Amino acid sequence: MELDMAADELKSVLNRLKRAQGQIAGIVRMIEEGRDCEDVITQLAAVSRALDRAGFAIIATGLQQCMTDGDRPAMDRDQMRTRLEKLFLSLA
């Protein structure tokens, strides 16, 4: 399945991923500096949520495309549903 997102959706996902990238860099610095474990875990949880949200946005776009593409044969739609379900569960 090809990733085909509208410009505003793509921008939103990229912003989330860039924020997560910055958070990960911050976590690495925190560990290198010997920061408190609780602070590190809090930041890890935040970056995990940011990555999940980016993944869910990508999957939601895939679901939307799948459901609006009425030209696909039924078997292909079923296969696509299975693939999207597997992707969704990989984030759960």
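The conversation below takes the labels one at a time.

Modeller: This is a predicted model, in which local features need pLDDT of at least 70, side-chain atom pairs count only at pLDDT 80 or more, and totals for chains, interfaces and linings use all residues. Residues are numbered from 1 along each chain as its sequence is written, and side-chain values use heavy atoms, with hydrogens and water left out.

Biologist: How do you know where confidence is highest and where it is lowest in the protein chain?

Modeller: By pLDDT, the predictor's confidence in each residue, from 0 to 100, the highest mean is 91, in helix 1 (residues 7–32), and the lowest is 74, in helix 3 (residues 74–91). The protein chain averages 81, and 78% of the residues score at least 70. Where pLDDT is low, the predicted coordinates should not be read in detail.

Biologist: What makes up the secondary structure of the protein chain?

Modeller: There are 3 helices and 0 strands, where helices are DSSP runs of H or I with at least four residues, strands are runs of E with at least two, and both are numbered from the N terminus.

Biologist: Why is Leu-51 called partly exposed?

Modeller: Buried means under 20% relative accessible area, exposed over 50%, and partly exposed in between, with a 1.4 Å probe and protein chains only. Leu-51, which lies in helix 2 (residues 37–68), has a relative accessibility of 37% and therefore counts as partly exposed.

Biologist: And why is Lys-18 called exposed?

Modeller: Lys-18, in helix 1, has a relative accessible area of 56%, so it is exposed. The C-alpha atoms of Lys-18 and Leu-51 are separated by 9.9 Å, although the two residues are 33 apart along the chain.

Biologist: Which residues does Val-47 touch?

Modeller: Taking contact to mean heavy atoms within 4.5 Å, and not counting residues up to four places away in sequence, Val-47 touches Ala-20, Gln-23, Ile-24 and Ile-27.

Biologist: How many of the residues in the protein chain are buried?

Modeller: Of the 92 residues in the protein chain, 20% are buried.
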